[in-house]
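Hello,

I am passing this structure on to you, as promised. Please have a look at it first; my notes follow below.

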Amino acid sequence: MGIEIGGHVEKVNGKELSYSEFVERYLAKNKPVVLTGLMDGWRACSDWVSDNGQPNLHFFSTHFGKSRVQVADCGTREFTDQKRVEMSVSEFINHWLEDSVEEISNASTRECNGKFQLYLKDWHFVKEYPEYLAYTTPLIFCDDWLNLYLDNHRMHKDPDTYQEKNELSCSDYRFVYMGAKGTWTPLHADVFRSYSWSANVCGRKQWHFLAPSQCHLVFDRHMKSSVYNIFEDVSETKFPEFKKAIWLECTQEQNEIIFVPSGWFHQVHNLEDTISINHNWFNAYNLSWVWDLLLRDYNDAREYIEDIRDICDDFEGLCQRNLAANTGMNFYDFFIFIARFSFANLVQLDYLLGNNENPIRSTFPIARHLALNLISTQKIALKMRSVECLQAGNHGSLLDFRDTLDDPKFLELCMVLCRTYGLIHKHWECTYDKNASMDDLRDLDFIKKFDSLECTPEDLVRFIDYAVTRLGGIYGGENFLLSELD
Ligand SMILES: O=C(O)CCC(=O)C(=O)O
């Protein structure tokens, strides 16, 4: 039984799309799009591609051959994903070259003749080779809280396995993918229900998308497991609604970037030998997707171990540990993340207002952006207020506001945020003096009052209220802030 295709993904010239148009038409509407014209001048597009348009495998072996990478065996399923093995880039390329001699796949019918096909995935290339500058992230994807944060802080520190030096494998969500024709990625929605963008440096990919409103159709009756491969015989007994799903199809060509919105299930096939660069990220527009997923995964984790609750010393702690292991972060991690990020927004806001005699005109877009960030975060903090384990007294210190202001990593986050929003809102130049800004901030009335050792969701809500009210006063009411939020 084939799948039903209901339409195709829109294709737009990215050079003619402003940041605010992209936000309005795709980010805020959570709608996929293919963008052309955004990869001009990327070093990856010349170094990584041979004159005949094929991946320059020799270049990878020569320059990056020693890197250890995760490689998926596309022919072997392991739980909900493909089996993964670790090897060096040189080993991976040797396999690729051996296999290509035998021409093992038939991508038009998406069948392999029983031999495995290897697909290099999730290579933290930028983290590993920061000097090489393979590409620059297009401006429309720069408001990336996840990677900006992870460049300076860890999302989750497992006290049992934490090692200061071994940070690469969980250090960011910026990846390189490389695979021969016929390699593929099973049906899934992205980590944390983040957005992703994926740029084809060479080769072509075929994507099939299912809108979030239809995603229940690919799950079993209990909403526990989802279809693995939409092109194999999907059991009607197990997935009774699958045949009702209506898919969007898209062929992504070389030098095109696809924007994958939050919560869209997708399956991807490499129609040719392909190299792609891909980032996952979230910001004010999809933060609620992250919280909703965490809450759902938390409830599942809890239900799963319910029968050992009575014999467990720290049942809640175990739930949070399992949540972090399965989802990549837990409630504490997420709260610390949104709190630090809100503080960084406030620091920038303070800097912005404190350095302009007449802030209204020149700083309006950036102030609005910061306010949008704060209000979207406050919405999540309001939901987190009712979570028992995050309430005052129910945990050790989550985050100390004053310590945060003294942490050099936090100052780095403030700087990078300042540079990023300076780039996005071109009329505003970031000449940031972090010491001055921190001193100003410490002098603010409400910071002086903020002397509790821990910051709870309740504190964060109040703290954002203060900032937004202050901003509303300066910019003439809260309407300017709220118009695009709901
Ligand atoms: O390119 C692939 O094989 C998968 C990429 C993907 O799923 C994504 O970018 O979300």
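**Helix α1**

In helix α1 (residues 19-27), the buried residues are Tyr19, Phe22, Val23, Tyr26 and Leu27. They fall within an arc of 110 degrees when seen down the axis of α1, so they line one face of the helix. The exposed residues Glu21 and Glu24 sit on the face turned away from that buried side. Buried means 20 or more other C-beta atoms within 10 Å of the residue's own, exposed 12 or fewer, and partly exposed in between, with C-beta atoms placed from the backbone. The arc is that of the directions from the helix axis to the C-beta atoms. Helices (H or I, at least four residues) and strands (E, at least two) are DSSP runs, numbered from the N terminus.

A word on the source: this is a predicted model, where local features need pLDDT of at least 70 and side-chain atom pairs count only at pLDDT 80 or more, while totals for chains, interfaces and linings use all residues. Residues are numbered from 1 along each chain as its sequence is written.

**The open sheet**

An open sheet of 5 strands runs in the order β1-β13-β12-β15-β10, with mixed pairing (two strands pair if DSSP finds at least two bridges between them). β1 (4-8) and β10 (184-188) stand at the edges with a single partner strand each, so one side of each is left without a neighbour in the sheet. β10 and β15 run antiparallel and are joined by 3 bridges; His188 has His266 in β15 as its bridge partner.

Best wishes
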